[in-house]
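Thanks for asking me to look this one over. Here are my notes, in numbered points, to read alongside the model.

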Amino acid sequence: MRKRKGPTTKEKLFFWAVISLLSVFFAEVLSGSEPFALVIPWNPLVLMPLYGIHTLLLARLVFRGKPTFTSLFAAGCIFGLYEAYITKVLFD
């Protein structure tokens, strides 16, 4: 029997979808900004890729080495700054 070296592509896509969904939930639903963000059909098509790509890219940068409080704080600040700008430009 051959050993698996890592997750399959299907498992990676599922994980990325869950991370994107959680990112939208924490940013939009819990803050009260868009309480029904996951119910309206248009929002998951726009918000999940938007938040998902940001989250995955920043997580990849932060977790390259050992994450510190400073790197996590900086990533959160960067995420908040350009996420606010992008969503304001896109939706206003």
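The points below go from the model as a whole to two of its residues.

1. First, the ground rules. This is a predicted model, where local features need pLDDT of at least 70, side-chain atom pairs count only at pLDDT 80 or more, and totals for chains, interfaces and linings use all residues. Residues are numbered from 1 along each chain as its sequence is written, and side-chain values use heavy atoms, with hydrogens and water left out.

2. On confidence: pLDDT is the predictor's own confidence in each residue, from 0 to 100. The protein averages 84, and 91% of the residues score at least 70. Among the elements, helix α1 (residues 9-29) has the highest mean pLDDT, 89, while helix α3 (residues 69-91) has the lowest, 80.

3. On the fold: the protein has three helices and zero strands, giving the pattern α-α-α along the sequence. Helices here are DSSP runs of H or I with at least four residues, strands are runs of E with at least two, and both are numbered from the N terminus.

4. Along its principal axes, the C-alpha trace spans about 55 × 35 × 20 Å.

5. On burial and surface: 18% of the 92 residues count as buried, meaning under 20% relative accessible area with a 1.4 Å probe and protein chains only (exposed is over 50%, partly exposed in between). The accessible surface comes to about 7400 Å², and 72% of that belongs to carbon and sulfur atoms. Areas come from the Shrake-Rupley method with a 1.4 Å probe; for residues, only the protein chains shown count as cover.

6. On contacts (heavy atoms within 4.5 Å): of those with a separation of 6 or more, 51% are between residues 24 or more positions apart.

7. Now serine 23, which sits in helix α1. Serine 23 is buried, at 12% relative accessible area. Setting aside neighbours within four places in sequence, serine 23 touches Tyr51, Thr55 and Phe79.

8. Beyond neighbours within four places in sequence, histidine 54 is in contact with Phe79, Tyr82, Glu83 and Ile86.
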